[in-house]
Each structure stands twice: as structure tokens, then as C-alpha cells.
Amino acid sequence: MNDVWQRDEIESPCVNICVIHPQERICTGCLRSIEEITNWSKMTAQERRVIIGDLPERAPRLQKRRGGRAARIGRSES
């Protein structure tokens with residue numbers, strides 16, 4: 001009778017840093033796309049697990065470039 005009712009849901013990976021990267025089009029905080037964020041509450045647990053599993057592979061896409069000369073190396077001059 002003291003059993004606590006629990007839902008089998010995957011928690012949101014949101015970390016309250018909600019900024020969409022302009023080129024990559026993913027959130028810099030949780031690494032989800034706008035579509036994934038918008039549809040999260042409608043997704044099944046399996047769909048959420050797949051996204052959660054993909055998030056670590058997205059992090060390198062947001063590596064900051066260094067400024068100044070180091071950022072220009074390799075850029076063709078017009």
C-alpha cells in the first residue's frame with residue numbers, strides 16, 4: 001500500500017542553457033535540435049532514449065574556433 005507510483009519516462013536533458021547554435025542548429029546546452037526540444041513531451045520513451053544516446057556524438061560539433069590568426073589559417077584569401 002506504500003508503493004509510490006512512478007512514470008517510466010526519460011527526463012529531459014535540458015540544463016537551462018537554451019541557446020541555438022546558428023550553424024549547427026542545436027542547443028548549446030542540451031545538444032538537441034529545435035524539433036527534438038519541441039516534440040520531447042510527445043515522444044515515446046524509446047524515441048527519447050535514441051536521442052539521449054546520440055547527444056554525446058553532437059558535442060564536438062560545437063567546439064569553439066580560436067580567434068585571430070589561428071582562425072584564419074587555411075582560409076583562402078580573395
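Predicted model: local features only at pLDDT ≥ 70, side-chain atom pairs only at ≥ 80, totals over all residues.
Accessible areas here come from the Shrake-Rupley method with a 1.4 Å probe, and for residues only the protein chains shown count as cover. Residues are numbered from 1 along each chain as its sequence is written, and side-chain values use heavy atoms, with hydrogens and water left out.

On to the overall layout. The protein has 3 helices and 0 strands, so, reading from the N terminus, the elements go α-α-α. Helices (H or I, at least four residues) and strands (E, at least two) are DSSP runs, numbered from the N terminus. Of the 78 residues, 22% count as buried; buried means under 20% relative accessible area, exposed means over 50%, and partly exposed is in between (1.4 Å probe, protein chains only). Among contacts (heavy atoms within 4.5 Å) between residues at least 6 apart in sequence, 44% join residues at least 24 apart.

Next come the charged pairs. The structure holds 2 salt bridges, each being a side-chain nitrogen of Lys or Arg within 4 Å of a carboxyl oxygen of Asp or Glu. In one of them, the side chains of Arg-61 and Glu-24 come together at 2.8 Å, N to O. Arg-61 sits in the loop between α2 (45-58) and α3 (69-72) and Glu-24 in the segment before α1, so this pair ties together parts that are 37 residues apart in sequence. Arg-61 is partly exposed at 39% relative accessibility, and Glu-24 is partly exposed at 27%.

Glu-36 and Arg-58 also meet through their side chains in a salt bridge, at 2.7 Å, N to O. Here Glu-36 belongs to helix α1 and Arg-58 to helix α2, so the pair links parts 22 residues apart in sequence. With relative accessibility of 14%, Glu-36 counts as buried, and Arg-58, at 12%, counts as buried too.

Finally, the surface has a nonpolar patch of about 250 Å², made by Val-15, Ile-17 and Val-19. Patches are made of residues with over 30% relative accessible area and no salt bridge; like charges are joined within 9 Å, and nonpolar side chains (Val, Leu, Ile, Met, Phe, Trp, Tyr) within 5 Å. Val-19 lies in the segment before α1 (34-39) and is partly exposed, with a relative accessible area of 46%.
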